[in-house]
Amino acid sequence: MTTIDTQAGNGGHGTPVGAADDSRPLHQRYKQASHYRSKEEEFDACKLGMWLFLTTEVLLFAGIFCAYAIFRMFYPQAFSNGSAHLDWKVGSINTVVLLISSYTMATAIHNAQLNQQAKLKFNLLVTIACGLAFVFIKVVFEYIPKWSGYFLAIDPALSHHEKSGITAWGGLFQFVEGYGGKRPGKWFDYPFAQDPHEPMWWSIYYSGTAIHALHVVIGASLIFYVYLKARKGFYGPKHYTGVEVIGLYWHLVDLIWIFLFPLLYLVH
């Protein structure tokens, strides 16, 4: 039986190999990269590499947390005032969304290990949907109103403000006079600020949440890539490295939010 060896890339996303007439699923025909002695060694190396990468991610957010601690110590009133403009209900919904995604991601890994192909693909899609929902809620219900003063017409918070009659996007967004301007640093022009250091709070807020949201987008994109591979039967009991390492990344993204939520939304 003739075989064609093809090198696999780092992270276990190489090309399965086998005989031309081999009808086994791709995950059963998978062969480790040539510089590994076994699939087990490749799996361990990929996981170790991901853990090392995640340590650099921890260092990235550690810098933001240190800045938060220092500036909150110096300007406690500014941080309390800024946090009062955040809706803890919106933050809680996003927390639940990410916790659900973390569960479905872990379940997807379990599905791959048990060769439950339909459930694997379903849980990957649910995880992606949760990630996109998180970003949508963050941008539409938080960033846009605070930055510009425009609320989504169905935003429950809109009922607490007096509408100006100005709309955008065919009435999809309603403008509230004097609400916008909560921007970071030199772009801050919120007219009812009570502390001169509130721009510092918004700098920390946008830095932490925007970088985190970027990680959510990257994670969802990688999970979609894994999903496309899963549709071809690339993952199963014989090979699920890609699902495992992306799962580690996604869990870290969720964990970072667990710290950001109370520090930002529950300060006041």
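A: Contact means heavy atoms within 4.5 Å. Here Trp-201 touches Tyr-68, Ala-78, Phe-79, Gly-82, Ser-83, Leu-86 and Leu-264, leaving aside residues up to four places away in sequence. This is a predicted model: local features need pLDDT of at least 70, side-chain atom pairs count only at pLDDT 80 or more, and totals for chains, interfaces and linings use all residues. Residues are numbered from 1 along each chain as its sequence is written, and side-chain values use heavy atoms, without hydrogens and water.

Q: How is a pair of aromatic rings described?

A: By the distance of the centres and the angle of the planes. Rings of Phe, Tyr and Trp (its six-membered ring) pair if their centres lie within 6.5 Å; planes under 30 degrees apart are stacked, over 60 edge-to-face, the rest tilted. The whole structure has 25 aromatic pairs.

Q: Are Tyr-68 and Phe-79 buried or exposed?

A: Buried means under 20% relative accessible area, exposed over 50%, partly exposed in between (1.4 Å probe, protein chains only). Tyr-68 has 6%, so Tyr-68 is buried. Phe-79, at 0%, is buried too.

Q: Which aromatic cluster includes Trp-201?

A: One formed by Tyr-68, Phe-79, Tyr-143, Trp-147, Trp-201, Trp-202, Tyr-205 and Tyr-206.

Q: Where does the charged end of Lys-182 sit?

A: A charge sits over a ring if NZ of Lys or CZ of Arg is within 6 Å of the ring centre and within 35 degrees of the ring normal. Lys-182 has its charged end over the ring of Tyr-179, 3.4 Å from the centre.
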